[in-house]
Amino acid sequence: MSKRVACLGIAVADLVARPVASIPARGKLSLVDRMTLHTGGCAVNTAIALARLGAQVSILGAIGDDVLGRFVTDELQKHDVDAHGMKHRKDCSTSASMVLVHPDGERSFLHHLGANALFGPEDVDFEIIFNCRHLHVAGALVMPRMDGEATARILEQARGRGITTSLDTAWDASGRWLRTLQPCLPHLDYFMPSIEEAQELSGLAEPEAILDFFLERGPRTVILKMGQSGSMARNCAEAHSVCAIPSQTVDATGAGDCFAAGFLRGLMEEWDLLKCLRLGNTAGALCVRAAGATTGIGTFEEALALMEYFK
């Protein structure tokens, strides 16, 4: 089996404005220093970051037959991501976000679901997944036709072929949280939500309790992405807490997706859990140093050098 990773999930075009200190009053206008168009969406971000780190990647998702969809496709091709699994829909627009980057690098979003809302299990080309070593679901909880039982069945089929699996969540604006995600958890080798999303899913506040909560529900390894506090992971055999790598934050967009990319890149090298976490933290630190979800990611060798420097 190849070392290729399949990223299944959301594709978005991001219009990033920074810095945004406040929203103008109704009918008024405010100026920002920069406004740039970037690829976004958990699956696209993770796929491009993986490719920049030297991995072979395929992506499965949906975009509209519009200018934003063509932009996303062009960027995937530019980074040598196999996009044959992307569905081009004529009945809706490409998903898009307006990303408002605050002066400290934190972000607020206005989001249109677009084609992601119509992406369903019938759109999935299983031959692409079955030709990969690992399946990563990126953007669970914001794919209405894919979330829940449909995703669980895809994960189950992948594992039945000996493919390892992982899942990363997005913020659930519908408020259903664990009711939607529960069917997927027993079919995961790695579950990697952000701490904020994990708190909403579990109803718990403390990371240690959250790790226990999810391990009891099926994933073999649970990972918490904790931003400037680094990351934590636990399974039945080991537990680790890894400090974040210092980085001047320009834009935190995509940091969690780049963490996932770094972690998965380590898996493709057959590294142990601790070293995968360290590369995940490194990729997250590289991400936030530039505007856009993947702009700051360099080569695998550059990431390794930074990781070893802060060892």
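Which residue in β6 is the bridge partner of Ala17? I began with this one, and in β6 the partner of Ala17 turned out to be Leu100.

**Ground rules.** I noted that this is a predicted model, in which local features need pLDDT of at least 70 and side-chain atom pairs count only at pLDDT 80 or more, while totals for chains, interfaces and linings use all residues. Residues are numbered from 1 along each chain as its sequence is written, and side-chain values use heavy atoms, with hydrogens and water left out. For the element names I took DSSP runs numbered from the N terminus, helices being H or I of at least four residues and strands E of at least two.

**Four-stranded sheet.** I traced an open sheet of four strands in the order β3-β2-β6-β7 and found its pairing mixed, where two strands pair if DSSP finds at least two bridges between them. Its edge strands are β3 (34-40) and β7 (107-112), each of which pairs on one side only. From one strand to the next, the twist averages 20°. I then looked up β2 (residues 12-18) and β6 (residues 96-101), which run parallel and are joined by five bridges. Helix α2 (residues 67-78) packs on this sheet and touches β2, β3 and β6, and its direction makes about 70° with that of β3; angles run from 0 to 180 degrees between N-to-C directions, and axes are lines fitted to C-alpha atoms, for helices over the stretch in contact. Contact here means heavy atoms within 4.5 Å.

I read off Ser97 opposite His111 in β7, and Leu100 opposite Ser108 in β7. The hairpin of β6 and β7 has five residues between the strands, and there Gly105 takes a positive phi near 95°.

**Backbone exceptions.** I kept in mind that most residues other than glycine have a negative phi, and that most peptide bonds are trans. The bond from Arg18 to Pro19 is cis, with omega near -15°, and Pro19 sits in the loop between β2 and β3. Trp177, although not a glycine, has a positive phi of about 50°, and I located Trp177 in the loop between β9 and α5 (178-181).

**Nine-stranded sheet.** I followed a second open sheet, in which nine strands take the order β5-β4-β1-β8-β9-β10-β11-β12-β13 with mixed pairing. Its edge strands, pairing on one side only, are β5 (82-89) and β13 (239-242). Within it, β11 (residues 221-225) and β12 (residues 231-235) pair in the antiparallel sense over five bridges, and Val222 stands opposite Arg234 in β12. Helix α9 packs on the sheet and touches β11, β12 and β13, its direction making about 25° with that of β13. Helix α6 (residues 195-202) lies across β9 (164-169), β10 (190-191) and β11, running at about 120° to β11.

**α9 against α10.** How far apart are the axes of α9 and α10? Helix α9 (residues 273-287) and helix α10 (residues 300-309) pack with their axes 9 Å apart, at an angle of about 105°. That makes α9 roughly perpendicular to α10, a class that takes angles of 65 to 115 degrees, with those under 35 roughly parallel, those over 145 roughly antiparallel and the rest oblique. On the α9 side the contact is made by Lys275, Arg278, Leu279, Thr282 and Leu286, and on the α10 side by Phe300, Ala303, Leu306, Met307 and Glu308. By class I recorded six nonpolar, one polar and three charged residues in this contact, with Ala, Val, Leu, Ile, Met, Phe, Trp, Tyr, Cys and Pro counted as nonpolar, Asp, Glu, Lys and Arg as charged, and the others, Gly among them, as polar.

I used a 1 Å grid over the protein atoms alone, where a cavity is a set of points at which a 1.4 Å probe fits but cannot get out, a pocket is an open set with protein on both sides within 12 Å along at least five of seven lines, and lining residues have an atom within 4 Å of a point. Grid points are joined across faces, edges and corners, and a volume is the space filled by probe spheres set on the points.

The second largest pocket has a volume of about 250 Å³. Its lining comprises 16 residues, of which Val20, Pro24, Ser30, Val32 and Leu100 lie nearest its centre.
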